[in-house]
Amino acid sequence: MTDADSGAAAPHPALPPDDALRSTLHDEVHARPPARIRLPALVVFVAVLNDGVDRDAECAHLRRLPGQDGLTPEAMQRNFLRLRLGGHTLKWERHTEFTRYVLVQPLPAAAALGAEDPALLPSLVIDAQWLRDIPGRTIAAIELAMVHGDPADAAALLPLTQRWFGGRTVVASLMGRLSDGGSHSCAVTDFELRADGFERMLVVAPSATSDTRAGRVAQRLLEIETYRLMALRGLPVAKSLAPMLAESEATLAALTVQLEAARGSDQELLDRLVALAGRLERATAEHDYRFAATRAYAALVKQRIGELREAAVPGVQTIGEFMQRRLDPAIATVAATAQRLASLSQRVERTGALLRTRVDIATEAQNQQLLAKLTRGQELQLRLQTTVEGLSIAAISYYVVSLLLYAAKAAKAAGAPIHPEIAAGAAIPLVLWGVWRTTRRITRKLHGSDATR
């Protein structure tokens, strides 16, 4: 039985057993549905980095809301939760790096279209202290007002929206495509942080706008700004790496020149090259995830902007144009830094390969010299062995002949008719041949024994 089979759900009447992940994967498309927003509405959005913040801490904070005493961490395991708090809702979403809190409540009458820089925080239906105590560090905070109006009359609408933003310079986009060629809403923002820490956005839509469409528009606008800020988190990292990359490139160039000119010891070059490779690998390990995340968030920003299906409001930039002119250079800087780091690592690797080749060639030359010396030593040893063998044959023959001489003298003294000196001299050739023959036989046996080892 496989792991998938062990966790499979009960079989359906007309289907094989479900894979353990089928329901999870199927429900992922419904994991974060957009809110249903009835205009006019105020949407207060806060996104915080959740590094070091677990679900238990977030659950404890959500339990501080009225009527949420019974909330448990198990209810938050799917990373999405919508709480109904009387006449308003609060949505909690946990992502890989950040957590989003979205409060949807009625828009105060004083903040309707035509108001001049209205104050929004005093009208919150939840305590502002609760927002300040959200666990994590703020990465995005937006006040999104969604009001009734006619987006088709852009000439009359633009002055009212500029007044709503306190006369600041704004960017605006007509969004969507209707069957009559018009747009279903208009989004306006100034992309500025105010003294209260929030950005502001304004959406103007006809009174007939459905709650689901308003929810989708709000979700896209909030995601654009959140993903834009998350994408830009790679820019400070890229800027901080620039001096180190410039120094590393200069160091590598100097090492390459020394390697080409054969200056400096191989050990010194290798030590410096290893230190450079270690520095680059550490930078890659520390920041590669940030660069990859920047690419992913930037792609999401472009996707969400495309989903707006923008049309220009005469006299102002669209949101897409603003993003393109200000976000794209930053993303290009991050991408260039990531490519520069990867390219430098590859160049260090190639330089290391060249250095290893030079070391291998030098080692091979040393081995050849050593082999030549060993061969010369063996030749000398062979000559010496031959000389020693010759001397040994002579010495052994001398002792054998001497023994024969003594034996002949003993035989003469015993009465044998023999002349000892003549007999010993006659035996000398035979003794030399016998000793030489015996020595060669012993040498052959020794060499044969070495060859079989």
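The largest cavity in this structure is lined by 13 residues, and those nearest its centre are Lys91, Val102, Ala218, Gln219 and Leu222. This is a predicted model, in which local features need pLDDT of at least 70 and side-chain atom pairs count only at pLDDT 80 or more, while totals for chains, interfaces and linings use all residues. Residues are numbered from 1 along each chain as its sequence is written, and side-chain values use heavy atoms, with hydrogens and water left out.

**Empty space inside**

Rolling a probe the size of a water molecule over the atoms shows where empty space is left. On a 1 Å grid over the protein atoms alone, a cavity is a set of points where a 1.4 Å probe fits but cannot get out, whereas a pocket is an open set with protein on both sides within 12 Å along at least five of seven lines; lining residues have an atom within 4 Å of a point. Points are joined across faces, edges and corners, and a volume is the space filled by probe spheres set on them.

The structure holds four cavities of 30 Å³ or more. Two or more residues of the largest cavity's lining come from each of β1 (41-49), β3 (88-94), β4 and α6, with α6 giving the most, five residues. Helices (H or I, at least four residues) and strands (E, at least two) are DSSP runs, numbered from the N terminus.

The largest pocket has 17 lining residues, of which Arg36, Ile37, Arg38, Thr89 and Val104 lie nearest its centre. Here β2 (80-85), β3 and β4 each supply at least two residues, and β4 has the largest share, three residues.

In the table, Ala, Val, Leu, Ile, Met, Phe, Trp, Tyr, Cys and Pro count as nonpolar, Asp, Glu, Lys and Arg as charged, and the others, Gly among them, as polar.

| Space | Volume | Lining by class |
|---|---|---|
| Largest cavity | about 100 Å³ | seven nonpolar, two polar and four charged residues |
| Largest pocket | about 370 Å³ | seven nonpolar, five polar and five charged residues |

**A closer look at Lys91**

Lys91 is found in strand β3. With a relative accessible area of 7%, Lys91 is buried (buried means under 20%, exposed over 50%, partly exposed in between, using a 1.4 Å probe and protein chains only). Its C-alpha atom is separated by 5.0 Å from that of Val102, 11 residues apart along the chain.

**Rings that meet**

Rings of Phe, Tyr and Trp (its six-membered ring) pair if their centres lie within 6.5 Å; planes under 30 degrees apart count as stacked, over 60 as edge-to-face and the rest as tilted. By this rule there are five aromatic pairs. Phe98 and Tyr227 have ring centres 6.4 Å apart and planes at 65 degrees, so they are edge-to-face. Phe98 lies in strand β4 (residues 98-106) and Tyr227 in helix α6 (residues 211-231), 129 residues apart. Tyr227 also pairs with Tyr297, this time stacked, at 5.9 Å centre to centre and 20 degrees between the planes. Because Tyr297 lies in helix α8 (residues 266-308) and Tyr227 in α6, the pair ties together parts that are 70 residues apart in sequence.

**A buried serine**

Ser173 sits in strand β6 (residues 171-175) and is buried, with a relative accessible area of 0%.
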